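Please have the sequence and the model open while reading.

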Amino acid sequence: MASPSDATASNGSTPEDLESASARRGRVRLRRAAVMAVPATAIAAGLMILTAQGALGVQFAISGMPFTVTATELNGTGFEQFGGLDNMAEGSPNAGDTGGQVLVVTSAIKSATLTKLCQSVDLGSTNLLITAGSGSDKVQATHLTTDSTELSGDASFDNIEIGNDASTLDKAGVQGPKGVFSQQADTVRIANLRQTNYATTAAVFKLPGLKLRFSDTGC
């Protein structure tokens, strides 16, 4: 039978000591896990607050209906891009199981021109179609932002920076939440642009040759 002295570890610790140390290590691990969880929670909360305040591109409650935008060419100076959250009006019938929020990529351009712009919204049995810039005059926009879930085309950038903190962006005059991945460039060119957007804002938007109509097909 083991004597009381045999229950003492070789380093002089008793079972009670070891149990206490294990409990302390468990509490430390829990505290570390909690600390690691804070940044992600803070970023998500910050995104919602900044979106509500208009610090991201959108300054209004979105309808929750996506729309397609195409252009044969986009040229811009002062380009920024970062992630964000758009919010629908409370109780929106388009919320579905999203909680009324859409995760988007915000693209901001200080000054842009677009050739042969097309925008369409699928209304079910028909499409609301807008076209402009098909003639010699191009569509012009200043302080343009688009909130997209999809973007494609043939892109080229001048002096691009990838991996910036979104709160430090300075090319287009828009800053995103601190801790969010982003990129920016002096200029951007996208040929055969196609976007699925939930929102667009611009300080000035000039649409030469504007046509608005209903159509069986979208852009």
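Is R189 buried, partly exposed or exposed? R189 counts as partly exposed, at 35% relative accessibility; buried means under 20% relative accessible area, exposed over 50%, and partly exposed in between, with a 1.4 Å probe and protein chains only. The model is predicted: local features need pLDDT of at least 70, side-chain atom pairs count only at pLDDT 80 or more, and totals for chains, interfaces and linings use all residues. Residues are numbered from 1 along each chain as its sequence is written, and side-chain values use heavy atoms, with hydrogens and water left out.

**Salt bridges**

- The structure contains two salt bridges, a salt bridge being a side-chain nitrogen of Lys or Arg within 4 Å of a carboxyl oxygen of Asp or Glu.
- R189 pairs with E73 in a salt bridge, and their closest N and O atoms are 2.6 Å apart.
- Because R189 belongs to strand β7 (residues 181-201) and E73 to strand β1 (residues 67-87), this pair ties together parts that are 116 residues apart in sequence. Strands (E, at least two residues) and helices (H or I, at least four) are DSSP runs, numbered from the N terminus.
- K171 and D186 form a salt bridge through their side chains, with an N to O distance of 2.7 Å.
- This pair links distant parts of the chain, 15 residues apart: K171 is in the loop between β6 (161-165) and β7, while D186 is in strand β7.
- K171 is partly exposed, at a relative accessible area of 23%, and D186 is also partly exposed, at 29%.
- In general, side chains of opposite charge can pair when their charged atoms come close.

**A polar contact at T106**

- T106 is located in strand β2 (residues 101-115) and counts as buried, with 0% relative accessibility.
- The T106 side chain makes a polar contact with the side chain of D147 at 2.8 Å. A polar contact is a pair of N or O atoms within 3.5 Å; within protein, one must be able to donate a hydrogen and the other to accept it, and residues adjacent in sequence count only if both atoms are side-chain atoms.

**Positive phi angles**

- N159, a residue other than glycine, has a positive phi near 55 degrees.
- N159 sits in the loop between β5 (139-158) and β6 and counts as exposed, at 55% relative accessibility.
- N192 has a positive phi near 55 degrees and is likewise not a glycine; N192 lies within strand β7.
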